[in-house]
Amino acid sequence: MSEPQWERTLKVTTAEQTHALAAALGEVLEAGDLLVLTGELGAGKTTFTQGLGEGLGVRAGIISPTFVLVRIHPNLADGPRPGGPDLVHVDAYRLESAAEIDDIDLENTMDTAVTVVEWGRDRVEHLSDSRLEVDLYRAVGMPSSGDDVLDFDTDDDDEPRTLVFRGYGPRWAEAPRLVKTTSPEEGN
Ligand SMILES: Nc1ncnc2c1ncn2[C@@H]1O[C@H](COP(=O)(O)OP(=O)(O)O)[C@@H](O)[C@H]1O
Ligand SMILES: [Mg+2]
């Protein structure tokens, strides 16, 4: 499963657009889905996950897990998708191997939840025969080194982001509709 079935690139200019895009995706996700989010600190992985949570209609309060590896956000009976999947939000930054991932028993919740893993690349692929990868990039040319490094991610100012979606495995044989129809770079 080293080759994606498809790849789509979307560009956004505000955190709200990242959130809204993820919320639209959250509306079509199903229990058992595995999402792997990749991007440097401050790229917007948690912002994206918050949007997913809204679309899924799970309990609010999604934050950067940081010291807590896994948080479960139950689906809300009075939300937009009552009876729909829960959201399991994982930060794998401190986990160094697939074996450490296995220790936190994500298999137990995968069947009833959408599992979203920040820093999941090379750590969680074995959990499912399918996965949706989302890579978030700060715009090319933004300062990210040298003297500017102390300013990194210290405010909420909107900045452009490039989001690259890739589908692997049978679940993602086709790109989700929103990714298809809103992509300005269809077919790249
Ligand atoms: N276009 C954008 N998309 C997502 N976040 C953005 C965007 N522009 C600015 N931001 C800000 O960048 C920060 C992203 O933080 P976060 O989502 O916690 O990143 P990560 O989880 O990848 O470390 C937030 O403060 C958010 O408001
Ligand atoms: Mg985060």
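The model is predicted. Thr46 and Glu118 coordinate the magnesium ion, ligand 2. Ligand 1 is surrounded by 22 residues, and the protein buries 89% of the area that this ligand exposes when taken alone.

**Magnesium site**

- The magnesium ion (ligand 2) is held by OG1 of Thr46 and OE of Glu118, at 2.2 to 2.3 Å.
- These two residues come from distant parts of the chain, 72 residues apart.
- Thr46 belongs to helix H2, which covers residues 45-56, while Glu118 is part of strand E5, residues 113-118.
- Thr46 has a relative accessible area of 12%, so this residue counts as buried, the limit being under 20%.
- Glu118 is also buried, because its relative accessibility is 3% and the limit is under 20%.

**Surroundings of ligand 1**

- Of the 22 residues around ligand 1, the closest are Thr18, Gly42, Lys45, Thr47 and Glu159.
- The side chain of Thr18 places an N or O atom 2.6 Å from a nitrogen atom of ligand 1.
- For Glu159 the backbone is involved: one of its polar atoms is 2.7 Å from a nitrogen atom of ligand 1.
- Glu118, which also coordinates the magnesium ion, has a polar side-chain atom 3.4 Å from an oxygen atom of ligand 1.
- Taken alone, ligand 1 exposes 580 Å², and the protein buries 89% of that area.
- Helix H1 (15-26) and H2 are the elements that give two or more residues to the shell around ligand 1.
- H2 provides the largest share of this shell, with three residues.
- Sorted by class, the shell holds ten charged, eight polar and four nonpolar residues.

- Ser130 sits in the loop that runs between E5 and strand E6 (131-138).
- The relative accessible area of Ser130 is 5%, so this residue is buried by the limit of under 20%.
- The side chain of Ser130 makes a polar contact of 3.4 Å with the side chain of Asp129.
- A polar atom of the Ser130 side chain also lies 3.0 Å from the backbone nitrogen of Arg171.

Notes
Residues numbered from 1 in each chain as written. Chains lettered and ligands numbered in written order. Predicted model: local features only at pLDDT ≥ 70, side-chain atom pairs only at ≥ 80, totals over all residues. Heavy atoms only, no water. Donors = N, O, S within 2.8 Å, 3.2 Å for Na, K, Ca; no water. Helix = DSSP H or I, 4+ residues; strand = E, 2+ residues; numbered from the N terminus. Buried < 20%, exposed > 50% of the residue type's maximum accessible area, 1.4 Å probe, protein only. Near = heavy atom within 4 Å. Polar contact = N/O pair within 3.5 Å; in protein donor to acceptor, adjacent residues only side chain to side chain. Areas by Shrake-Rupley, 256 points an atom, 1.4 Å probe, with all protein chains shown as cover. Nonpolar A, V, L, I, M, F, W, Y, C, P; charged D, E, K, R; others polar.
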